[in-house]
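Please read the following briefing beside the sequence and the model.

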Amino acid sequence: MKSHLITILLLIGLLQAGIGKAHAQYKYPFQNPNLPVEKRIDNILSLMTLDEKISCLSTDPSIPRLGIKGATHVEGLHGVSMGGPAKWGKYATPTPTTTFPQAYGLAETWDPALLKKVAAVEGYETRYLFQNPNYKSKGLVVRAPNADLGRDPRWGRTEECYGEDPFFNGTMVTAFVKAFRATITNTG
């Protein structure tokens, strides 16, 4: 009986030592995945300087001092764009992906089911680029669709939205978002 008690006490001691080491491996509390998300966010914000908070409003929300790598983003208004002159995803070399008509052209189909197919292809390609080690993508942030209303043809982004009617635009945007999100979360 004593030997069992000693064994149990030794195991408890080892477990406690292991738990202590597990908590010690995190330099900051936000790095501990066992803490509630709100506490982790509060910790990050308390550690950030004002300049770092302002910098996070840009397209690269990295905080190197804290070891936080921000998610890169790609443009997806008519297909996933990686590379090229704009260096989308921080790559100068263009990455071949499927190109679709601009949103205005897709809207002319009046077909939310077709738009779901387009979004599914974009989602699949985004997931591929994220998971492929050759691209070193840090996130699945895609700038699409544009839910703005295109009410003035002189506006420089009119071709990026589905039109001027709020109900129709909402229908098309919803179709795209639901299909894209379903593909991103179910693939891989």
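Why does Ala-71 count as partly exposed? Ala-71 counts as partly exposed because its relative accessibility is 28%, where partly exposed covers the range between buried, under 20% relative accessible area, and exposed, over 50%, with a 1.4 Å probe and protein chains only. This is a predicted model, in which local features need pLDDT of at least 70 and side-chain atom pairs count only at pLDDT 80 or more, while totals for chains, interfaces and linings use all residues. Residues are numbered from 1 along each chain as its sequence is written, and side-chain values use heavy atoms, with hydrogens and water left out.

**The chain overall**
- The chain has six helices and two strands, which are DSSP runs numbered from the N terminus (helices H or I, at least four residues; strands E, at least two).
- Read from the N terminus, these elements follow the order α-α-α-β-α-α-β-α.
- Of the 188 residues in the chain, 31% are buried.
- The chain has an accessible surface of about 12400 Å², and 61% of that belongs to carbon and sulfur atoms; such areas come from the Shrake-Rupley method with a 1.4 Å probe, and for residues only the protein chains shown count as cover.

**Two loop residues**
- Ala-71 lies in the loop between helix H3 (50-55) and strand S1 (73-75), and its C-alpha is 8.7 Å from that of Thr-59, twelve residues away in sequence.
- Ala-147 is placed in the loop between strand S2 (141-143) and helix H6 (166-186), and 6.8 Å separates its C-alpha from that of Asn-169, although the two are 22 residues apart along the chain.
- Leaving aside residues up to four places away in sequence, Ala-147 touches Asn-169 and Val-173, a contact being heavy atoms within 4.5 Å.

**Glu-122**
- Glu-122 lies in helix H5 (residues 112-131).
- Glu-122 is buried yet has no salt bridge, and the nearest side chain of opposite charge, Arg-143, is 12 Å away; a salt bridge is a side-chain nitrogen of Lys or Arg within 4 Å of a carboxyl oxygen of Asp or Glu, and in assigning charge Lys and Arg count as positive, Asp and Glu as negative, with His and the chain ends not counted.
- A polar atom of the Glu-122 side chain lies 3.1 Å from the backbone nitrogen of Gly-79.
- Not counting residues up to four places away in sequence, Glu-122 touches several residues, including Gly-76, His-78, Phe-100 and Phe-180.

**Leu-45**
- Leu-45 is found in helix H2 (residues 37-47), and Leu-45 counts as partly exposed because its relative accessibility is 41%.

Methods. Polar contact = N/O pair within 3.5 Å; in protein donor to acceptor, adjacent residues only side chain to side chain.
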